[in-house]
Amino acid sequence: MSLIEFKNVNFIYNGEDTESLSDINLKINEGDFVVVSGKTGSGKSTLLRLMVESVPNYGTVNNEILFDESIKAEKGKLPKVMYLMQQIEHQIITDKVWHELAFCLEQAGLSQNEMRNRVAEVSNFFGIEHLYKKSTDKLSGGEKQLLVLASLIAANPKVLVLDEPVSKLDPITAEHFTENLRRLHDELGITVVVAEHRLESLIMPADKLVIMDNGKILLEGKKENVCKEMALNKEKYDIQAFPSVYKKAVSLGFKDKLPLSVKEAKDINLDKILLDSLNKKQDELLNKDKDKEKPDYILSLREVCASYDKKAPVISNLSFKLAQGKRLFILGGNGSGKSTLLKVIAGVKKPDSGKIKASVPVYMLIQDVEMCFLKNTVKEELLSVYKSLDDVMIPLDFSDNYLKRHPYDLSGGEKQLLALAKVLSCAKKDENFLLLLDEPTKGLDETQRENVEAVLSLVKAAGNSIITVTHDLEYASKYADYAAFLFDKDLVGLSKASEFFKNNKIYTTQLARLTNGEIL
């Protein structure tokens with residue numbers, strides 16, 4: 001049974017000249033697990049929002065979006081289509097976990113007994129009983145994501161729509177979140193529609209894929225059929241969002257049995273094929289010591305401790321040095337203190353004790369990039385820090401349609417790029433500097449990530465150092481000079497990136513897991 005159907009749908013936002021969606025034909029059937037993929041700005045978020053609101057007040061819909069009677073919203077009753085937003089902080093309304101779980105049920109007028117029962121059910125299902133009495137502002141990013149998901153499920157929806165739910169999560173938390181989605185789909189029969197840039201975490205439970213570009217659907221259908229079609233026409237379709245093992249198999253000419261996980265890759269002996277073709281000299285070169293000269297350190301931390309209430313330290317006795325012109329990537333779980341460490345280095349937060357010495361100016365791209373925006377349009381934002389748009393270092397869309405948009409109306413990836421452009425406008429004023437980046441690739445598609453990296457490579461080549469906090473293991477393994485965990489309030493395993501990712505078994509790339517660390 002079709003629950004939501006788009007029939008030749010076009011959509012244009014208020015005040016814009018070009019359509020964000022064109023000729024959309026799509027059916028969401030009961031019991032589907034649909035993953036929507038595409039580049040930043042391809043229309044994924046707009047498509048999802050129209051599944052929640054068929055007649056939005058922020059734009060114009062042409063032609064039909066049909067909703068089955070079983071999921072139509074009824075006044076005074078709980079909605080049957082629930083939406084998890086990209087900016088999860090904007091979706092948390094109350095100050096306590098227990099109240100957040102009950103809030104939607106209160107608005108619908110459920111009895112105290114029924115509310116308590118539903119809250120107990122979802123708390124047990126998601127394993128969040130230990131968070132029940134905590135303040136919502138004390139939760140980690142992964143805990144907030146799980147809390148909002150649990151509060152939506154308490155409303156007993158038939159359809160769950162999620163916009164990039166794992167983009168801000170560390171790899172382990174992302175896998176746990178995806179497993180919860182799989183359970184909701186398989187055990188509760190909930191129809192799931194999820195948009196995401198990178199598909200490694202979400203492609204396995206999906207049964208249907210929708211590939212978008214420039215506001216249109218390029219491909220849609222059963223996962224196996226879409227994967228095969230893209231492999232057969234790899235010149236036509238962009239497969240960068242797909243898991244590394246899939247991309248590697250396609251590059252080697254595989255047409256059938258295309259792997260989407262390490263297990264499936266082993267089943268077709270992809271690991272043996274890769275290891276047999278491995279150039280041992282390349283491995284020797286990768287591990288060759290490039291730092292024979294004594295490094296010039298531009299940052300040092302010695303026994304630094306920091307907390308928010310001076311009772312529970314977030315970082316403790318942390319010491320390390322960073323040389324000029326080097327890139328350090330810091331990994332770790334949600335809530336481990338990575339963002340706090342960057343704030344301490346930047347001087348935004350004072351440490352409780354210890355010494356920090358930086359011999360160059362420090363600039364930082366914060367995680368909540370919306371806090372960087374002060375103007376009403378993208379053009380005004382850029383011209384507030386650049387003399388001319390020709391001076392902007394980051395490759396942006398300089399069309400009139402883009403430049404006149406409000407920064408808050410951009411997609412998640414577009415916001416990241418705009419904020420980074422503003423930060424780099426400040427940094428370029430100094431001959432040398434230290435750049436701190438808090439999850440800079442969040443919300444970026446592969447093309448945008450490479451465009452940003454081209455700029456960051458120039459920044460590094462000019463002798464500047466960069467510290468990046470990220471959950472993107474593929475990105476870190478490709479561009480880091482050094483890598484480390486932030487674990488138990490300290491940096492652990494700080495070493496050259498090639499050694500770090502080769503030695504890790506879980507916090508490493510998909511190809512490294514497949515080849516026992518021989519190929520990153």
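**Helix H3 and its surroundings**

Analyst: H2 passes H3 in a right-handed crossing, a term that applies if the near helix is turned clockwise from the far one by less than a right angle. The helices, like the strands, are DSSP runs numbered from the N terminus (H or I and at least four residues for helices, E and at least two for strands). The model is predicted, so that local features need pLDDT of at least 70 and side-chain atom pairs count only at pLDDT 80 or more, while totals for chains, interfaces and linings use all residues. Residues are numbered from 1 along each chain as its sequence is written, and side-chain values use heavy atoms, with hydrogens and water left out.

The axes of H2 (residues 97–107) and H3 (residues 112–126) come within 10 Å and cross at roughly 140°; these axes are lines fitted to C-alpha atoms over the stretch in contact, and the angle runs from 0 to 180 degrees between N-to-C directions. On the H2 side, Leu101, Ala102, Leu105 and Glu106 meet Met115, Arg118, Val119, Val122 and Ser123 of H3, where contact means heavy atoms within 4.5 Å. The residues of this contact divide into six nonpolar, one polar and two charged, with Ala, Val, Leu, Ile, Met, Phe, Trp, Tyr, Cys and Pro counted as nonpolar, Asp, Glu, Lys and Arg as charged, and the others, Gly among them, as polar.

As for its length, H3 has 15 residues, which at 1.5 Å a residue should span 21 Å, and its end C-alpha atoms are 21 Å apart, in agreement; the expected span is 1.5 Å times one less than the number of residues.

Within H3, Met115, Arg118, Val119, Val122, Ser123, Phe125 and Phe126 are buried, that is, under 20% relative accessible area, whereas exposed means over 50% and partly exposed in between (1.4 Å probe, protein chains only). Seen down the axis, the buried residues of H3 fall within an arc of 165°, so they line one face of the helix, the arc being that of the directions from the helix axis to the C-beta atoms. The buried residues of H3 pack against H2, helix H4 (141–154) and helix H5 (171–188). The face of H3 turned away from its buried side carries the exposed residues Asn113, Arg116, Glu121 and Asn124. After H3 comes Gly127, whose phi is positive, near 65°.
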